[in-house]
Amino acid sequence: MKIIAGLGNPGREYEKTKHNVGFMTVDLLAERLGISVTRLKFKALIGDGRIGTEKVIIVKPQTYMNLSGDSIREIMNFYKLDPEDLIVIYDDIDIPVGTLRIRQKGSAGTHNGMRSVVSQLGSEAFPRVRVGIGSENRGDLVNYVISGFKGSDKDNVRQAIEKAADAVECMVREGVSMAMNKYNTKKAKKKKKAAEEDPAPKAEAADKKAENGAAAAESSKEAAQKTE
C-alpha cells in the first residue's frame, strides 16, 4: 500500500494559490484514477483506489499547512506503514516556477508543511515530489505563497502539475529512480567558457603574430640580399 499525500490549506480562499499545488496534484491524480477524495478521517480528506496492482490512499490533510504532519502520522501509524510507503507532493519556492524535483529522501528545506511531516514521522526517508513556485520578485513570502498564479506562470504550473501526477503514477508502478529519470526537470547546460569568451582578442593576437612573422621574413630577405 502507498499513501499519496498532497500538502495544502483547506478552504475555497486557498484553492488556486501557490501553496496548494500539492492539493491540485492529488486532485488531478484522483480524477484520473476515478477516486473520490471526500471521506473525512485522520484529520484529512481521503480516498482509496489502485495504481496498477498497488493499493493507494490519496490524502489531503485538513489541519492547515503547518500541522500537515499530524494527519499523515495518524494514517501511517494506523496502517503500520514504513516511511518509504509515503509519497508527499508539495510546492517549493526554492526552485523555478513549473519545474519538478523528485527525490527518494531528503530534508524538509524551508517548507513548513514538510517540516511538520518530518518531525511527526521522525524520518526524512520518504519519497517526495516538489513543484517549483519560486520567483525572484516574490516580495513578502506569506502573501506570495497564498496568492494565485499570473501570466505565463499559470500555464507553466498547470503543465508541471500534470507531469507531477504522471510522476506519482510512475513512482508507484516503476519505482522512484525511474520517475526521477523520466520527470525531473533537466537543468540547462552551462555554455562552455570558451564559447562565452569574446573571440576578438584571440583574432587580434593571431593577426599580430602573423604580422610579426611577415616582418621577420622580410628582414631575413633583406639581410640575404646584402650578403650576396
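**The salt bridges, up close**

Author: Counting them up gives 11 salt bridges. Keep in mind that this is a predicted model.

Let's start with K43 and E74, which pair up with their closest N and O atoms 3.2 Å apart. K43 sits in the loop between β2 (39-41) and β3 (44-51), while E74 belongs to helix α2 (residues 68-78), so this bridge ties together parts that are 31 residues apart in sequence. How open are the two ends? K43 has 43% relative accessibility, which makes it partly exposed, and E74, at 27%, is partly exposed too.

Next up is R130 with D92, where the closest N and O atoms are 2.7 Å apart. This pair links two strands: R130 is in β7 (residues 128-134) and D92 is in β5 (residues 86-96), so parts 38 residues apart in sequence are tied together. Is D92 buried or exposed? D92 has a relative accessible area of 8%, and since buried means under 20%, D92 is buried.

Then there's E174, bridged to K182 with 3.3 Å between the closest N and O atoms. E174 is partly exposed, at 44% relative accessible area, and K182 is partly exposed as well, at 45% relative accessibility.

Note on methods. Residues numbered from 1 in each chain as written. Predicted model: local features only at pLDDT ≥ 70, side-chain atom pairs only at ≥ 80, totals over all residues. Heavy atoms only, no water. Salt bridge = Lys/Arg side-chain N within 4 Å of Asp/Glu carboxyl O. Helix = DSSP H or I, 4+ residues; strand = E, 2+ residues; numbered from the N terminus. Buried < 20%, exposed > 50% of the residue type's maximum accessible area, 1.4 Å probe, protein only.
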